[in-house]
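Subject: Structure handover

Hello,

Here is the structure I promised to pass on. Please open it first, then read my notes below.

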Amino acid sequence: MDIPKVSICIPAYNNAAEVKRLLESIRMQTFRDLEIILTDDSTNEEIAELVKSSGWEDIRYIHNEKPLGHIFNWNKSLSEAQGEYIKIMFSDDWFTAPDSLEKMVSLLDRAPEASLAFCGTMQVMLPEGGQAAKGEPEGGSGRPVKKAYARAAADWYTDRLAADYRNLFLGNEIGAPSATLYRACGAMFDEKSNWASDMFLYFEILSRNPRFVCTQEPLISIGIHEAQYTGMFEEKDLRKFNDTLYMYEKYQLRESQACREYMLRQILKFRQGWETAGRCGISRGEYLKQGISWFWENTVLGYWNGAMHKLGIRKIEG
């Protein structure tokens, strides 16, 4: 059997309407050397019926006997891929234009030294049911959307990432996994991760080969709604810190000064104390110096600016 150029891997869960929209966007693609793998964690047969009625006999459809859970189902889809390039597409996302996949493939084809390609995205805010208000735009398959805007990694970010792939630890501007295409290398999501699962995947790719290519063109549309996995985490959810610490240790990021300084800021933000800082290779002097600065900026100035705001006086900067 011929090896396809691209494996489109679609993990899904109880969202037949979104899967239909994605499949329709794939059907429109000008690039055709591909396979489609759909791993279904659903507790009903709606996606199975959709696949049967789609007329696409070449979709490799797998309905898990028991739901695997978010990250495990993502990896199930990746594990079935046979293509030269891997294109994961979360089922609430879709290709923005008919030539989106062709352009992403071209990025990697023109840069044989690169392991990863990523693009800009259209962030499409979707309502939870209901109808669009008059004048609102609609998403794929006629589903109403609240609003949409383009986002992409800025030049300063891609320059920083190109200088040292470990700078990914400082923040993810690559975007959602659907915005990526990468050469098959065995990279998977870390099943111990929570909030930062996408960053773990990118670390797995870039730690093997740190070269990448990108475009700011929004080739992928990301459907955003309240039920999304990463939306389950509050700003100071300790699971965020646990992922950060796990990533820091797994990829031995203490050797990077920028990563070490960022880790210290997270330790202070989540109030994890000196013991955790020492575990991360941070000196007591670094900890005390940054701790005083953090206390001033986030406590003293915070209370002061709050008081000034009540009095109608412009806040002061740290």
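In strand 3, R60 is the bridge partner of I37. Helices (H or I, at least four residues) and strands (E, at least two) are DSSP runs, numbered from the N terminus. This is a predicted model, in which local features need pLDDT of at least 70, side-chain atom pairs count only at pLDDT 80 or more, and totals for chains, interfaces and linings use all residues. Residues are numbered from 1 along each chain as its sequence is written, and side-chain values use heavy atoms, with hydrogens and water left out.

Back to the strands. Strand 2 (residues 34–40) and strand 3 (residues 59–63) run parallel and are joined by 5 bridges. Two strands pair if DSSP finds at least two bridges between them. From strand 2, the chain crosses through helix 2 (residues 46–54) to strand 3, a right-handed β-α-β crossover. Right-handed here means that, with the strands pointing away from the viewer, the path from the first strand over the helix to the second runs clockwise.

Next, the helix pairs.

Helix 1 (residues 16–27) packs on helix 2 at about 30°, with the axes 9 Å apart. Axes are lines fitted to C-alpha atoms, for helices over the stretch in contact, and angles run from 0 to 180 degrees between N-to-C directions. The two helices are therefore roughly parallel (angles under 35 degrees; over 145 is roughly antiparallel, 65 to 115 roughly perpendicular, the rest oblique). Helix 1 passes helix 2 in a right-handed crossing (the near helix is turned clockwise from the far one by less than a right angle; anticlockwise is left-handed). A16, V19, K20, L23 and R27 of helix 1 meet E46, I47, L50 and S54 of helix 2. Contact means heavy atoms within 4.5 Å.

Helix 6 (residues 197–206) and helix 7 cross at roughly 10°, and their axes come within 11 Å. They are therefore roughly parallel to each other. S197, M199, F200, F203 and E204 of helix 6 contact D243, Y246, M247 and K250 of helix 7.

Helix 7 (residues 238–250) also packs with helix 8 (residues 257–269), at an angle of about 155° and with axes 11 Å apart. This pair is therefore roughly antiparallel. Helix 7 passes helix 8 in a left-handed crossing. The contact residues include F241 and L245 of helix 7 and Y262 and M263 of helix 8.

Best wishes
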